[in-house]
Amino acid sequence: DRAGAVWVGTLAGGLFCYKDQQMARAETSHNDINCLSEDREGSVWAGTGGGGLDRLRPRVVELQGLESGLPSETVRSICEDSSGLLWAATGNGGLVCRRNRQWKPPASDEGWGGARATCVASDLHGGVWVGTYREGLHHLRNGKMETFQRANGLGGETVRALFVDHAEGLWIALESPNGLQRLKDGRLQNFTQPATSRTIRAISEDTAGNLWLGTLDGFFARIVRSFPLE
């Protein structure tokens, strides 16, 4: 096909697709495949020996759930590290990493201690930041774990959102008390959120470097980049 994959129709054995040095079976209405063709939209048509004409379209969305290794159907936070691995914090506090198309907890040599994960974010140096429920902030890198708690200047023990900005500063949304901090070069900087707002749950950055914050009770706040953050 136009993507370079080779489709193989067999007699009584079904339809197969060879791509990226891997052979995978495609589901069809019948195992006898008599003919194959591709249309201009990228769909592959398969004429079968008893199941009619099948159309196979590129999959846009692939559902990941318990059958893929996730410990919960609820995913609260997800990120991709610098090596291309996906990390997720699930609704039941699990921390998992996707390897070989399966979600699995971090290996014992990756330094994870098994706290209840609430959110994840990656940096540009191979590290993954993990916010937890009542156990502070953790940084996993090269098989070692560094922990930040109140003793290190962290404003609270429960972290609800994490975000790494363009200058490699880590923004940390805290609960009990609600607050926002930025960690850069080992120094924590405090920011005050609206007094009546609840916990920050979402953080993003625009092209001008302004920070946008979404809270649990519907506040939408902005930190204008009118001060040096470097």
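This is a predicted model: local features need pLDDT of at least 70, side-chain atom pairs count only at pLDDT 80 or more; totals for chains, interfaces and linings use all residues.
1. The side chain of D185 meets that of K184 in a salt bridge, with 3.4 Å from N to O. K184, by contrast, counts as buried at 17% relative accessibility.

2. The structure holds seven salt bridges. One of them joins R99 and E110, whose closest N and O atoms are 2.7 Å apart. This pair links distant parts of the chain, 11 residues apart: R99 lies in strand β9 (residues 95–99), and E110 lies in the loop between β10 (102–104) and β11 (117–122). R99 is partly exposed at 30% relative accessibility, whereas E110 is buried at 16%.

3. Another salt bridge is formed by the side chains of R160 and E175, at 3.2 Å from N to O. It also connects distant parts of the chain, since R160 belongs to strand β15 (residues 158–164) and E175 to strand β16 (residues 170–175), 15 residues apart. E175 counts as buried, with 16% relative accessibility.

4. T215 is located in strand β20 (residues 211–215). With a relative accessibility of 13%, T215 is buried. Its side chain reaches the backbone nitrogen of F219 at 2.9 Å. Apart from neighbours within four places in sequence, T215 is in contact with S197, R198, T199, I200 and R201.

5. A nonpolar patch on the surface is formed by V6, V8, Y18 and M23, which together have about 340 Å² of accessible area. Of these residues, V6 sits in strand β1 (residues 6–9) and counts as partly exposed at 45% relative accessibility.

How values were computed: Residues are numbered from 1 along each chain as its sequence is written. Side-chain values use heavy atoms; hydrogens and water are left out. Helices (H or I, at least four residues) and strands (E, at least two) are DSSP runs, numbered from the N terminus. Buried means under 20% relative accessible area, exposed over 50%, partly exposed in between (1.4 Å probe, protein chains only). A polar contact is a pair of N or O atoms within 3.5 Å; within protein, one must be able to donate a hydrogen and the other to accept it, and residues adjacent in sequence count only if both atoms are side-chain atoms. Contact means heavy atoms within 4.5 Å. Patches are made of residues with over 30% relative accessible area and no salt bridge: like charges are joined within 9 Å, nonpolar side chains (Val, Leu, Ile, Met, Phe, Trp, Tyr) within 5 Å. Accessible areas come from the Shrake-Rupley method with a 1.4 Å probe; for residues, only the protein chains shown count as cover. A salt bridge is a side-chain nitrogen of Lys or Arg within 4 Å of a carboxyl oxygen of Asp or Glu.
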